[in-house]
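Load the coordinates and follow along.

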Amino acid sequence: MRVAVLISGRAARYEVCLYDILQKRKYDYDLFISVNDKPGKYYSSMAHKLSPWIKGLEVSPYTVPEDFENDNPKSIKQLVNGKFVPLNVMSMFYNDKKAFNMATSYADENEFEYDAYVKYRSDIMVDDFPTIIKSDEYKIYSAIPPCDFEVPIVNREVNRYTELVPIVCDAVAYGNRRSMEAYCDTYNYVLEMNNLMTEYLLNFEPCLTQSVYDKRVPVERFNYPYKLDGNRRIFDTVWAESGDSRVDNIRGSHPPINSNDFESTEHIHKFPTA
């Protein structure tokens, strides 16, 4: 089975997490990685080490649109140039779309189709890749996240939150091209909803889930126990003085470093977190 693996936003800790999984070769993997960062030593080294699998790689800083305003105090934001903006949330959705577009362009240019498109992370601590079901159905297969909860979906007729549904996983999910095109279109959905709704809540899984349900994509959840490496934010220098409480939740993590100063982070210990 040939699968397109989409990694977005960050690619940190690939050398101590993702690399080991790829070497087991459960499937034929093609990697498409779109990262919110400046090119440098780490990504040059990554391109070389992952060269057997990488078919698309883009490393460039993401900037929240200047006219984007969100006043919800519960939205996840970081302090950038003196202003709190949803940088990490919007970056993930933006780079989801970029990675997916790279994958479909590669498939089209080479006149074939992937058996599945898989949203994945470089910092997942697991024994192996999930078992993929090849399907022509319009459906998202979503891993059940370690931290599972429900979120309200949005009723477009009144632009208000309505029924609660289980979240769609933003770390591990897959489907065919049509299904994952919908999954990876959350960026456009958020731009629209933020204009339509007063104080729209910007958060990772809630926005993704609302976007998927808005497109009427059926969701099938599956068990895939995983942990995330506690040093996954090693390059997230915007966390400094951000006010985002999540940066304090990973006890024992290494202080942020510049990705251009290191070719690898293998010397930094790996430990599991939810």
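Predicted model: local features only at pLDDT ≥ 70, side-chain atom pairs only at ≥ 80, totals over all residues.

Let's start with helix 5, which spans residues 186–196. Its buried residues are Thr186, Tyr187, Tyr189, Val190, Met193 and Asn194. Around the helix axis they take up an arc of only 155°, so they sit on the same side of helix 5. And what covers them? The cover includes helix 3 (87–109), strand 9 (150–155), helix 4 (177–183) and helix 6 (204–214).

To describe two packed helices, you give the angle between their axes and the distance between the axes. For helix 5 and helix 6, the angle is about 95° and the axes are 9 Å apart. An angle of 65 to 115 degrees counts as roughly perpendicular, so that is the label for helix 5 against helix 6. On the helix 5 side, the contact is made by Thr186, Tyr189 and Val190, which meet Cys207, Leu208, Gln210, Ser211 and Asp214 of helix 6. Sorted by type, the residues of this contact come out as four nonpolar, three polar and one charged.

Now for the loops. Here is where each residue sits:

| Residue | Loop between | Relative accessibility |
|---|---|---|
| Val16 | strand 1 (2–9) and helix 1 (18–24) | 12% |
| Asp127 | strand 7 (124–125) and strand 8 (140–143) | 64% |
| Ser259 | strand 13 (227–229) and strand 14 (272–273) | 3% |

Which of these count as buried, and which as exposed? Buried means under 20% relative accessible area and exposed means over 50%. Ser259, at 3%, is therefore buried, and so is Val16 at 12%. Asp127, at 64%, is exposed.

What does Ser259 touch? Leaving out residues up to four places away in sequence, its contacts are Asp37, Lys38, Lys41, Tyr42, Tyr43 and Phe235. With Asp37, the side chain of Ser259 also makes a polar contact of 2.9 Å.

Val16 and Glu266 are 250 residues apart in sequence, yet their C-alpha atoms are 6.3 Å apart. Val16 touches Glu266 as well as Lys270, again not counting residues up to four places away in sequence.

Asp127 also pairs up with a residue elsewhere in the sequence: 107 residues separate Asp127 from Asp20, with 8.6 Å from C-alpha to C-alpha.

Key
Residues numbered from 1 in each chain as written. Heavy atoms only, no water. Buried < 20%, exposed > 50% of the residue type's maximum accessible area, 1.4 Å probe, protein only. Helix = DSSP H or I, 4+ residues; strand = E, 2+ residues; numbered from the N terminus. Arc of directions from axis to C-beta. Contact = heavy atoms within 4.5 Å. Polar contact = N/O pair within 3.5 Å; in protein donor to acceptor, adjacent residues only side chain to side chain. Axes fitted to C-alpha atoms, helices over the stretch in contact; angles between N-to-C directions. Parallel < 35°, antiparallel > 145°, perpendicular 65-115°, else oblique. Nonpolar A, V, L, I, M, F, W, Y, C, P; charged D, E, K, R; others polar.
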